[in-house]
Amino acid sequence: MAPIIRAFKAHEPVVPVLLVHTGQHYDVAMSDRLFADLELPPPDVNLGVGSASHAVQTAEVMKRFEPVIDEHGARAVLVVGDVNSTLACALVASKRGIPVVHVESGLRSYDRTMPEEINRVLTDQIADVLYTTERSAHANLVREGIAPERVVFVGNVMIDSLLANLSKAPSASDLMTTAGFGMERLRRGYGVVTLHRPSNVDHPDTLGPIVDALRTISRRLPLVFALHPRTRANLERFGMLDKLDAPGFLVLPPQGYLEMLGLMAGATMVLTDSGGIQEETTALGVPCLTIRENTERPITVEQGTNTLVGVDPAALRDAADAVLEGGGRRGRVPEYWDGRAAERIAAHLAAWLSARESSGGE
C-alpha cells in the first residue's frame, strides 16, 4: 500500500486517500515498525479487529468497515492481496454499490484448501478493476468468466517497495552483531529460513521432518531462522524446540521488513513457505526454495529464482545441495517489476474514476 499511496499523492490531480488499517495483523510493535520502515502514513482509521477464526475475523472486519463507508463515503475501495481483510472490505463495498479495485488480481495456486485462495477468487469475482502482477494472471481470470476489459497489467507493487527500500536495509553483518552472533559463522555464506503456513507448522508429522531436513542443510550452510510466533509455539507444543539448538542454526525473533530485506539480499539461498518472499527473492536474484506443493506465483518459477520443492525432506535437502553445488537458479526479473507499478495504477485509476463519474457512474 505504501507505494500506491505515494503514487496517488504524486499524481496530477492528487487522488485523495483514506487509509484504513483493519488490524488483522495486530501486533502493535510490529505494525508500528512496519509503518515506520515503509514510510507509510499513520492510518486514518484503525478497526482494531485482531485475531480470530477466519469466519469471525472476516465478519468483524465487515461490521467495523461499513460504518467507515457511512461516515466518509468512497469513490472506490482499493484492496490488496489475499488476506481476510481483502475479501471483507471488498464485500462491504460491493454490496453498497461502490467500485472495488483489487491489486494483485488473478494469482492462483488452484489449492482450495488455502484460505487465501478462496479470498483471491471471490475478491476477483466482485472487483470492478483488477490490477495484475504478471500476464499469466489474465488467463486465470478469463477462465473464471471475468471480462478482459476489467483487467489491467501494471506489474508488482511489492517490488516497488523493495526497490524503494533496499538501500535502507541493514546489512546481515550488522543484524548478526546486534543479535549477538559473530559474522565469522557466516563468512562462507548463509541461508535464510521463514516458515509459518499452518499446513507446514500445525502438524508434528509435517513440521518435524522439515526441521530435520533444515538441520541437515545447516551442517553445510548456516541457516538464519526468523522464527514466526506460530512456528515457535508449535515447536514448543510438540517438544521440538530443541531441534533448533544446533550449531548451524542462528535463531532470530520475527524481523522487520527492512531487516528481512537485508538478510535476503546477502543470502546464498532462502528457504520459505511465504508467497511474498518468492517474489522478493526473484527481484533480488537470490535462489529460493519454496516449501510448498504449489504456488500462486508461477512466474517466480518460470522466469525467476524460485524452485518449488514440496514438503518432502529428501527433496528439500537435494534442492539445497543443488544450490550449494551449482549456484542455483538466477533467473531474470519479470516484466514490469521495475518499481513503477504504483505509478501505472494511479494513472489508470484516476482516468477510470473520472470517466466513470462523467458518465454518471455506470
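**Close-up views of a predicted model**

View 1. Gln 278 is buried, with a relative accessible area of 0% (buried means under 20% relative accessible area, with a 1.4 Å probe and protein chains only). The structure is a predicted model, in which local features need pLDDT of at least 70, side-chain atom pairs count only at pLDDT 80 or more, and totals for chains, interfaces and linings use all residues. Residues are numbered from 1 along each chain as its sequence is written, and side-chain values use heavy atoms, with hydrogens and water left out. Gln 278 belongs to helix H13 (residues 275–284); helices (H or I, at least four residues) and strands (E, at least two) are DSSP runs numbered from the N terminus. Apart from neighbours within four places in sequence, Gln 278 has contacts with Cys 288, Thr 290, Arg 292, Thr 295, Arg 297, Thr 300 and Asn 306, where contact means heavy atoms within 4.5 Å. Between the C-alpha atoms of Gln 278 and Gly 266, twelve residues apart along the chain, the separation is 15 Å.

**View 2. The packing of helices H1 and H7.** The axes of helix H1 (residues 2–10) and H7 come within 8 Å and cross at roughly 85 degrees. Axes are lines fitted to C-alpha atoms, for helices over the stretch in contact, and angles run from 0 to 180 degrees between N-to-C directions. H1 and H7 are therefore roughly perpendicular to each other, a term that covers angles of 65 to 115 degrees. Pro 3, Ile 4 and Arg 6 of H1 meet Val 157, Asp 160, Ser 161 and Ala 164 of H7. The residues of this contact comprise four nonpolar, one polar and two charged; Ala, Val, Leu, Ile, Met, Phe, Trp, Tyr, Cys and Pro count as nonpolar, Asp, Glu, Lys and Arg as charged, and the others, Gly among them, as polar.

**View 3. The packing of helices H7 and H12.** Helix H7 (residues 157–165) packs against helix H12 (residues 257–265) at an angle of about 80 degrees, with their axes 11 Å apart. From H7, Met 158, Ser 161, Leu 162 and Asn 165 meet Tyr 257, Leu 258 and Leu 261 in H12.

**View 4. The open sheet of six strands.** The strands follow the order E9-E8-E7-E10-E11-E12, with parallel pairing (two strands pair if DSSP finds at least two bridges between them). Strands E9 (249–252) and E12 (306–308) stand at the edges, each with a single partner strand, so one side of each lacks a neighbour in the sheet. Strand E8 (residues 223–226) pairs with E9 over four bridges in the parallel sense, and Val 224 has Leu 250 in E9 as its bridge partner.

Note on methods: Parallel < 35°, antiparallel > 145°, perpendicular 65-115°, else oblique. Buried < 20%, exposed > 50% of the residue type's maximum accessible area, 1.4 Å probe, protein only.
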